[in-house]
Every structure is written in structure tokens, then in C-alpha cells.
Amino acid sequence: MSLQFFADGVIAGAMIALGASGVTLTYSILRFANFAQGEFVSWGGYFALSLAGWIGSLAASAIEPLEPLSVGWSVLLALLVAMPLTGLLAWLLDVALFARLRRRGAAIALVMASFGASMALRALLEVVYSTRPAYFSRELQIAVPVGHGIRVTPDQIALLVTTAVLVAGLHLMLAYTRTGRSMRAVSESPELARVIGIDVARIIRITWFVGGGLACAAGVLLGLVVQLRPAMGFDLLLPMFAAAILGGIGSVPGALAGGLIIGIAEALAVQFVGAEWRAGVAFAVLVLVLLIRPTGLAGRMAG
Amino acid sequence: MTSLPVLEVCELVAGYEPGAPVVRGVSVSARRGEIVALLGPNGAGKSTLLKAVAGLVPVESGEVRLEGVDVTRLVAHRMVLAGLAFVPQTDNVFATLSVHDNLELGVAGLPTKVRRARIEQAYALFGDLARQRRLLGGRLSGGQRQMLAIARALLVQPKVLLLDEPSAGLSPKMVGDTFRKLSEVRATGTAIVLVEQNTRAALAIADRAYVLVGGRNRHAGSAAELAADSSIAQLYLGLGPQRMTAREGL
């Protein structure tokens with residue numbers, strides 16, 4: 001039997017894990033489920049698309065595919081610029097909306113506001129870019145065999161490597177840097193963090209930039225291996241939350257494991273049960289794990 | 001000991017909700033190398049006063065001065081940089097971080113060499129922590145947590161150390177150990193202001209004390225005077241009718 005479905009699950013899971021890393025970070029530090037996180041995935045993807053187009057218009061050679069990838073330097077440069085740009089979008093949304101509600105201590109209002117912000121951001125994206133799918137590249141890629149009947153494209157391998165680098169980088173930052181320690185401290189007790197001299201507002205700002213940047217990377221990779229659509233972030237929202245909760249809110253390795261489990265469960269459902277059961281099976285896994293281990297696989301933020 | 005106060009709190013009005021102050025015009029001061037106890041019945045506003053001074057509770061009016069500089073409106077994290085450290089009563093260490101990481105956070109803004117030196121000094125002063133440096137804060141005993149919280153607050157070499165109920169939940173032996181450490185800290189010149197329900201222990205270590213009732217100053221004086229005044233002791237401090245001496249109780 002071909003294990004292609006397993007590879008497909010890992011690839012989908014990697015994208016979910018990347019988005020879930022941002023979710024778990026913002027959820028644990030800001031203490032609310034931000035349903036606009038999915039829109040940061042979409043906006044990040046489209047930011048990169050626009051930037052790549054602009055870079056391409058300045059230097060035609062930047063569009064030439066970097067063999068064996070389907071895209072050129074323009075997309076890689078665009079990704080590097082779009083990540084902080086998406087972080088800026090996330091932070092501006094916080095300043096304009098979430099920070100005001102946070103000061104009033106209205107947790108449920110924050111969640112509802114994030115729903116509203118999600119719809120507004122998605123509608124705005126549709127107005128600007130239309131609902132038609134967009135692509136970073138229309139190059140056809142030949143999937144290469146990697147054994148056990150599995151074939152993957154170079155873009156998919158790039159996706160796996162990028163995810164591994166970003167998630168490992170985030171984990172190392174949280175575990176070993178001063179900023180990471182401060183983020184973990186704010187996650188545990190914002191008041192105690194203030195008392196010992198941590199600028200909590202600065203940590204919140206960094207959190208939005210990191211969470212937005214990761215969402216952007218997920219959007220660009222999704223656009224690279226599938227396509228860009230304004231609703232793609234919203235479609236990824238529930239799997240991302242499922243992965244974050246499954247892994248344990250606050251845990252980056254947990255989000256990675258959660259993303260891969262959800263991705264593989266979805267692929268298994270498509271292979272053995274039917275595509276219509278895809279989301280159902282993933283959530284059944286989530287419920288099962290939470291019944292056995294309510295704090296998720298890895299518990300609180302542990303780096 | 002110099003005569004000028006390092007901390008002056010003048011007519012401070014503060015509370016959690018606007019227009020509903022818990023602290024209603026309290027004035028206290030502390031000099032370099034002095035331990036000042038804030039005493040009084042439950043609901044007197046002692047802990048709220050400490051939090052307001054530390055920048056955690058909004059101040060409606062009045063002034064907080066640190067070495068003559070007005071720091072009343074400083075936000076909490078800047079208060080630490082100004083030289084005022086606060087140790088809360090409960091949840092005063094990060095349970096999911098190691099002892100060492102807790103200490104690292106206390107000196108996060110300092111250069112690496114200074115940071116390392118200060119942490120080693122803390123380990124030298126609190127030998128128990130040095131042996132537990134890799135242990136998570138949540139795994140420490142109540143006394144060890146208190147020591148860690150105090151050690152972390154001292155890393156910034158504060159001019160004033162505010163302590164909210166340092167003896168809460170500790171065994172009598174640990175109370176003694178904690179208060180002995182505070183005496184060592186006083187010897188370095190740091191002014192200590194502490195809120196305590198354990199009145200005997202507080203008066204035994206303090207140089208001066210204030211009695212607060214209903215969010216206002218009621219009595220003030222040397223620890224020995226207050227301990228010797230049986231009417232104050234019975235009415236506000238929960239002490240028995242017997243007189244106590246200043247160094248009794250540890």
C-alpha cells in the first residue's frame with residue numbers, strides 16, 4: 001500500500017503546526033482565543049504576493065525560479081518582508097481593538113471582537129484581491145519519489161524544512177533567550193512580570209509580531225503548495241486551534257505535534273473513510289486526547 | 001543611618017475602583033537601612049498601600065517620593081528600575097520556570113557580566129537556592145519560594161524593598177530564617193517596608209511601625225514603643241494583654 005496519504009498528512013500538518021504555533025503563543029500570553037489569527041494567514045500570503053510582484057517588477061531576474069523550487073528570489077524576499085508586515089497588522093489590530101477591551105477586562109468581548117475583526121479583515125481582502133484564487137507561480141513541478149511509494153514536490157520539501165526551522169527557532173527563543181523567558185513569565189503571571197520589571201506592553205507587542213509572522217509564513221507556504229484564497233486562513237482556523245489545544249496551550253513542541261496529528265488524522269480519514277469525514281475525524285482525535293489529558297499533550301508554555 | 005527618608009509616602013489616596021479608595025490619605029516614610037512595619041487589622045489597606053506604592057494600584061492623589069524624586073505615576077516595571085522592589089504575598093515566583101530562570105528575569109535589563117555576578121551573590125546569600133537552581137519554582141517549599149522571591153527582588157539592588165506578608169504560610173522556623181535574612185538585607189543599607197499579620201515577629205525585627213485602620217494612619221512610633229503600649233496592642237494588633245519586648249517573638 002502506498003504511504004502517499006501519510007506524506008500528504010505530514011505536509012498539511014506542517015502548515016497547521018506553523019499557524020498553531022502562533023495561536024498557542026498569542027493564546028497563552030494574551031489569554032484569549034483570537035479568531036482573527038486565521039486572517040493573518042491570508043493577509044500574510046497576500047502581502048507576500050503583492051511584494052513579490054513589486055520586487056519582480058523592479059528586477060525581472062528575481063522572478064526566475066530557483067531550481068528546483070517553483071518560485072524565485074522575489075517570493076523569498078517577499079516572505080521576509082511580509083512576516084514583520086503581518087506582525088504589524090496584528091499589533092495595529094491589538095492597539096485599535098483588543099488593547100481597549102483588555103483594559104476593561106472583558107474576556108468574552110475580546111473573543112467576540114476577534115470574530116468581528118476576522119470577518120472585516122476577510123471582506124477587505126476580498127475587496128482588494130477578489131475571491132479568485134491567486135498563485136505565486138504557475139510552474140508545474142514534478143513530484144520526486146522518496147521511497148515507500150511516496151512522491152513529494154521540491155516546494156513541499158521546502159515547506160517542511162521552513163516549518164521545522166521556524167518552529168525550532170521559536171522553541172529555542174522561548175527556552176533560552178531573555179525575551180523568551182519574559183514571554184513565558186508574562187504567560188504565567190502578567191502582574192508578577194510587571195512587579196519584577198518586565199515591560200509587559202513590550203512583550204505583548206513582540207507576541208503579536210511573532211504570532212503574525214508565523215501566520216504569514218503559513219500563508220505563504222499554503223499559497224506555494226496549494227493556492228492563495230482570501231478564505232484560506234479561515235479554513236485553516238479550526239485545525240490550527242485544534243492543534244494548539246491538542247498540543248497544550250503554550251507549548252510550541254505541543255503545537256507541532258498537534259498539527260502533525262491533526263494533519264495525519266485528516267489524511268487517514270480521506271484515505272480510509274471518505275473525504276467528507278476529514279474534519280470530523282480530526283476533531284474526534286482532539287476530543288479523545290482531551291478526555292485522557294485535559295491540558296493537552298504538553299501542558300503549559302514550556303518553551 | 002541617615003536622617004533623610006529614602007521613601008516618603010505623603011497623603012496617598014489609592015484604590016482599585018475610581019472614587020472608592022481603600023487607602024485614604026496615608027503617610028509613611030522609611031530611611032536607609034531601616035525596617036518599617038505596616039500593621040493593623042484586616043481591611044486596613046496595608047497591602048493595597050504597598051501595591052499602590054509599587055505602581056500596581058491606581059493612585060488618586062498624594063505622592064510617593066524615592067530619594068526626593070516623585071515616582072507616584074511610574075508604572076510598575078519602571079518602579080523597579082527606579083529602585084523600588086516589591087515582593088507580593090502569594091504567587092511571587094514563576095512556577096513553570098526554574099529557580100535560575102526566575103533569578104535571570106530579575107536582572108534581565110543588566111549587562112551579562114553584572115547579571116552573572118548578581119546571581120552568584122544571590123546564591124551566596126541564599127545557599128538553599130544555589131542547590132536547587134535547576135528546580136522549577138513550583139516545586140519549591142513555601143519558605144524556599146519566599147527566599148527566591150526576596151533574592152530576585154534584591155538582584156536590582158533596590159533602595160527600598162516592599163514585602164507583603166513575608167511570613168504568610170511559613171512554619172515558625174522558616175519565619176525565623178526569613179526574618180534573619182531581612183536583618184542581613186537591612187545591614188546592606190536597603191530600606192525595608194513590610195506588611196505583616198504576624199505582629200510579634202514584625203515588631204521584633206522592625207525599627208519603626210505604623211498602625212493603619214480603615215485606610216488611614218492611626219498610630220506611629222518606634223517598634224519598641226508600639227509593642228509596649230498594651231492598649232494599641234490589644235485594640236489593633238491582635239496581641240494579648242501582656243507587654244512584649246521589641247526583640248521577642250522570633
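This is a short tour of a two-chain model, one selection at a time. The model is predicted, not determined by experiment.

**Stop 1: chain A as a whole**

Trace the chain from its start. The order along the sequence is α-α-α-α-β-β-α-α-α-α-α-α-α.

Of its 303 residues, 52% count as buried.

Next, think about contacts. Take the contacts in chain A with a separation of 6 or more: 77% of them are between residues 24 or more positions apart.

Colour the charged side chains too. Chain A has 19 positive and 14 negative ones. The centres of these two sets lie 12 Å apart.

**Stop 2: helix α6 of chain A**

Select residues 178-188 of chain A. This is helix α6. Is it enclosed or open? Of its 11 residues, 9 are buried, so the helix is largely enclosed by the rest of the structure.

Show the side chains. The buried residues include Arg181(A), Arg184(A) and Glu188(A). Gly180(A), Ser182(A), Met183(A), Ala185(A), Val186(A) and Ser187(A) are on the list as well.

What do these buried residues pack against? Within chain A, the partners are α1 (4-30), α5 (154-176), α7 (190-195) and α8 (200-225).

**Stop 3: Glu266 of chain A**

Move to residues 252-272 of chain A. This is helix α10, and Glu266(A) is found in it. Select Glu266(A) alone. Is it buried or exposed? Its relative accessibility is 8%, so Glu266(A) counts as buried; the cut-off for buried is under 20%.

Now show what surrounds it. Leave aside neighbours within four places in sequence. Glu266(A) is then in contact with Ile16(A), Pro239(A), Arg278(A) and Ala282(A).

**Stop 4: chain B as a whole**

Hide chain A and select chain B. It has 10 helices and 10 strands. Its radius of gyration is 18 Å, close to the 18 Å that the globule rule gives for 250 residues, so chain B is as compact as a globular protein of that length. Along the principal axes, its C-alpha trace spans about 50 × 40 × 35 Å.

Of the 250 residues of chain B, 53% count as buried. Its accessible surface comes to about 10600 Å², and 51% of this belongs to carbon and sulfur atoms. Colour the charges again. Chain B has 29 positive and 22 negative charges, with mean positions 5 Å apart.

**Stop 5: an open sheet in chain B**

Look for a sheet of 4 strands in chain B. It is open, its order is β2-β1-β4-β5, and the pairing is antiparallel. Which strands are at the edges? They are β2 (23-31) and β5 (69-70), and each pairs on one side only. Strands of a sheet pair through backbone hydrogen bonds.

Select β1 (residues 5-14) and β4 (residues 59-66) of chain B. They are joined by 6 bridges and run antiparallel. Find Val9(B): it stands opposite Val64(B) in β4(B). Then find Glu8(B), whose bridge partner in β4(B) is Arg65(B).

**Stop 6: Thr48 of chain B**

Finish with residues 46-53 of chain B. They form helix α1, the place of Thr48(B). At 7% relative accessibility, Thr48(B) counts as buried.

Show its contacts. Not counting residues up to four places away in sequence, Thr48(B) touches Tyr16(B), Val22(B), Val23(B) and Val57(B).

Note on methods. Residues are numbered from 1 along each chain as its sequence is written. Chains are lettered from A and ligands numbered from 1 in the order in which they are written. This is a predicted model: local features need pLDDT of at least 70, side-chain atom pairs count only at pLDDT 80 or more; totals for chains, interfaces and linings use all residues. Side-chain values use heavy atoms; hydrogens and water are left out. Helices (H or I, at least four residues) and strands (E, at least two) are DSSP runs, numbered from the N terminus. Buried means under 20% relative accessible area, exposed over 50%, partly exposed in between (1.4 Å probe, protein chains only). Contact means heavy atoms within 4.5 Å. Lys and Arg count as positive and Asp and Glu as negative; His and the chain ends are not counted. The place of a charge is taken as NZ of Lys, CZ of Arg, CG of Asp or CD of Glu. Two strands pair if DSSP finds at least two bridges between them. The radius of gyration is taken over C-alpha atoms; the globule rule is 2.2 Å times the number of residues to the power 0.38. Accessible areas come from the Shrake-Rupley method with a 1.4 Å probe; for residues, only the protein chains shown count as cover.
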